[in-house]
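I opened this one up to see how the chain is laid out and what a handful of residues are doing. My notes follow in the order I looked things up.

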Amino acid sequence: MIKHDDIERLALYRKIRNAEILFAGNQKLKIYGRLNCGSGKRMLKANRVFFSSEAEALALQFRPCGHCMKSAYVKWKNATT
């Protein structure tokens, strides 16, 4: 997990371009989603974190976004209820 505040802009773009970063998340809400998610783009930079894989986000107990990852969210929700 990489915090947005801990990485320089050019390094972040390089990691995204090289597919080293595939998902972003909200550290306070413990939600992760795709980099192009409209909900994720609105979050505060101070709350944003980046993941190299979905498995990494799940291992850190983040849940899938209900907007950009609907099927993964439904699967997660059914497993927790």
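I started with Q61, which counts as exposed because its relative accessibility is 65%. My cut-offs: buried is under 20% relative accessible area, exposed is over 50%, and partly exposed is in between, with a 1.4 Å probe and protein chains only. Q61 sits in the loop between α3 (54-59) and β5 (63-64). I checked its backbone too: phi of Q61 is near 65°, a positive value in a residue other than glycine. I noted that down because most residues other than glycine have a negative phi.

Before going further, I wrote down the ground rules: this is a predicted model, where local features need pLDDT of at least 70 and side-chain atom pairs count only at pLDDT 80 or more, while totals for chains, interfaces and linings use all residues. Residues are numbered from 1 along each chain as its sequence is written, and side-chain values use heavy atoms, with hydrogens and water left out.

Next I looked at K30, in the loop between β2 (23-26) and β3 (31-34). Phi of K30 is positive as well, near 60°, and K30 is not a glycine. Buried or exposed, or partly exposed, at 33% relative accessibility? K30 counts as partly exposed.

Then the overall layout. I find four helices and five strands in the protein, in the order β-α-β-β-α-β-α-β-α from the N terminus. The radius of gyration is 12 Å, close to the 12 Å from the globule rule for 81 residues, so the protein is as compact as a globular protein of that length. (The radius is taken over C-alpha atoms, and the rule is 2.2 Å times the number of residues to the power 0.38; helices, H or I with at least four residues, and strands, E with at least two, are DSSP runs numbered from the N terminus.) Along the principal axes, the C-alpha atoms fill a box of roughly 40 × 25 × 20 Å. Buried residues account for 33% of the 81.

I also looked up contacts, meaning heavy atoms within 4.5 Å. Of those between residues at least 6 apart in sequence, 58% join residues at least 24 apart.

Charges: I get 16 positive and 6 negative side chains, with the centres of the two sets 10 Å apart. Lys and Arg count as positive, Asp and Glu as negative, and His and the chain ends are not counted. Each charge is placed at NZ of Lys, CZ of Arg, CG of Asp or CD of Glu.

What does H4 touch, leaving aside its neighbours within four places in sequence? H4 is in contact with L12, K45, R48, V49 and F50. H4 lies in the loop between β1 (2-3) and α1 (9-17), and counts as buried because its relative accessibility is 13%.

A72 is in helix α4 (residues 70-80) and is buried, at 19%. Not counting residues up to four places away in sequence, A72 touches E54 and P64.

Last, the rings. A search of the whole structure gave me three aromatic pairs. One of them is F23 with Y32, edge-to-face at 5.8 Å centre to centre and 85° between the planes. (Rings of Phe, Tyr and Trp, using its six-membered ring, pair if their centres lie within 6.5 Å; planes under 30 degrees apart are stacked, over 60 edge-to-face, the rest tilted.) F23 is buried at 12% relative accessibility, and Y32 is buried at 1%.
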